[in-house]
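Here is a short note for someone opening this model for the first time. Please keep the view open while reading the points.

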Amino acid sequence: RTDSDRNYDGMANLYLPQTRKEVETMSRRIYKALFPDDYLTADQSRLENEDLANVNSMVVRHFYDNITNIRAFSMPWIKQGVLYGTSPSRQFWDKKVNEQFFKERYFVSRKDGILEPKTRVVQRPVKTYDAPVLRAEDLFQTYVFPHNAQKPEDIEMVFWKTKVQKWALKQKSEQGMCHKFNEIKDLGAEAMFDFEQTQERLQQFGQSGEYPVIQASGWYDLMEIWCNLLLPGEEYPVPCVVEIINETYVTRIQRNPFWHQQPPFDWMRFIIPPPGEFYGRGLPEASISLQHMVNDMLNQTMDSATLALNNITIVNPAYAPHAESFEVEPRAVWWADPNAVKQMTFPDLSDTGIKNMSVMRSVITEMSDNSPQLPDPIAGKARSTGQAQLAVGEWQTDLFTIVELIGYQALNPMAKKTHMLIQQNVSDDDIIRI
């Protein structure tokens, strides 16, 4: 229902978020299935490496459970995959240092040679974070080439867009990752608007709220490209990262800094597409038209109730010249001929609308595979426990198939990259302490 000149006071314009509820339910089911108690194991490369495989799995799980918190990261990542069909995640190593005040313990030697402990307040750099970071990225700002890659291994280029301020570019320049920083003109936007595609798609699927405009000076568009390039001195193309500012300034061309030499992205796809396409299918695509139908039924039901409770009055102006002064209130006095005023009664069809909405909500749930389809009773007999168990088992099999594909195409490569990042950035002594 859209705004038009035919709108009237009290006209219903409601939204029943049934599809959103199905997205939330499916996201929780996938989350629970992805992370059982023993969700992470390591395969040994040789028979004699069984102990080493167990140690490596415990190290990676230590980072996942205690530092990176993979469970907290996964829910928005999973929800985006269920909602849109594809969800990219990014993994990199982050090190944060902050100046802090704290009490330091030190010892003073007395005349008798005994060390006396004392404390003093000092200000020193403290490492607040030094570990991998897992981050769910916006699908509409992260895309691949070719678009018809059959699986993540077939991706040749990954494009990622974001917005940065000039101080961030200056910081990258000091780290040697922003070439000719001083030549970048001050053309940054004065405000950062949320990406329109993302906001419109969320509103279409019933996500409430609006993203505010962030007021700030100097926002620049940063395009990051992960691809293979033929660098000077190389005989064949090698994995590289390229950064472009405002689609004009190429500020970085660098060899892939990660040991695994792959783009730092992993891809979850909810419904695997047919050959010739990379992006998956989201849960709402099968039921979005039914969601519109439920909304129309809800609004018509409310309109029916509104008209039944607020009758339309027919007035003969020849016998009721002061009809505009009629007040609808207790003990009101209307100066008119009783035959000049007639109340029109509309039937209340709320019950019919509610029943139809219930049927359509059940169809949406069935289309979303969020409820087990129990078989009908046979020949008037009650449904047996065995029949119910078989139906629930079949229902769970569909979920396990989705989870297995997510593990194969996203979580397994993600864990391997985490292990490589730990090898690249953590010393052997630190791993032993962990």
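Which element gives the most to the lining of the second largest pocket? Helix α8 does, with 10 residues.

1. Ground rules. This is a predicted model; local features need pLDDT of at least 70, side-chain atom pairs count only at pLDDT 80 or more, and totals for chains, interfaces and linings use all residues. Residues are numbered from 1 along each chain as its sequence is written, and side-chain values use heavy atoms, with hydrogens and water left out.

2. Second largest pocket. It holds about 760 Å³ of space. Of its 30 lining residues, Leu40, Thr41, Ala42, Asn412 and Ala415 are the closest to its centre. A pocket here is an open set of points on a 1 Å grid over the protein atoms alone, where a 1.4 Å probe fits, with protein on both sides within 12 Å along at least five of seven lines; lining residues have an atom within 4 Å of a point. A volume is the space filled by probe spheres set on the points, which are joined across faces, edges and corners.

3. Its lining. At least two residues each come from α1 (18-34), α2 (50-68) and α8. Helices (H or I, at least four residues) and strands (E, at least two) are DSSP runs, numbered from the N terminus. The lining divides into 18 nonpolar, 9 polar and 3 charged residues. Ala, Val, Leu, Ile, Met, Phe, Trp, Tyr, Cys and Pro count as nonpolar; Asp, Glu, Lys and Arg as charged; the others, Gly among them, as polar.

4. Largest pocket. Its volume is about 1100 Å³. Phe92, Asp94, Lys172, Gln175 and Met177 are the closest to its centre, out of 30 lining residues. Strand β1 gives the largest share of the lining, 6 residues. The lining splits into 14 nonpolar, 6 polar and 10 charged residues.

5. Glutamine 80. This residue is in helix α3 (residues 70-84). Beyond four places in sequence, glutamine 80 touches residues including Gly85, Pro88 and Asp138 (heavy atoms within 4.5 Å).

6. Alanine 136. Strand β2 contains this residue. Alanine 136 is partly exposed, at 30% relative accessibility. Leaving aside neighbours within four places, it is in contact with Phe73, Trp77, Pro88 and Ser89.

Technical notes
Buried < 20%, exposed > 50% of the residue type's maximum accessible area, 1.4 Å probe, protein only.
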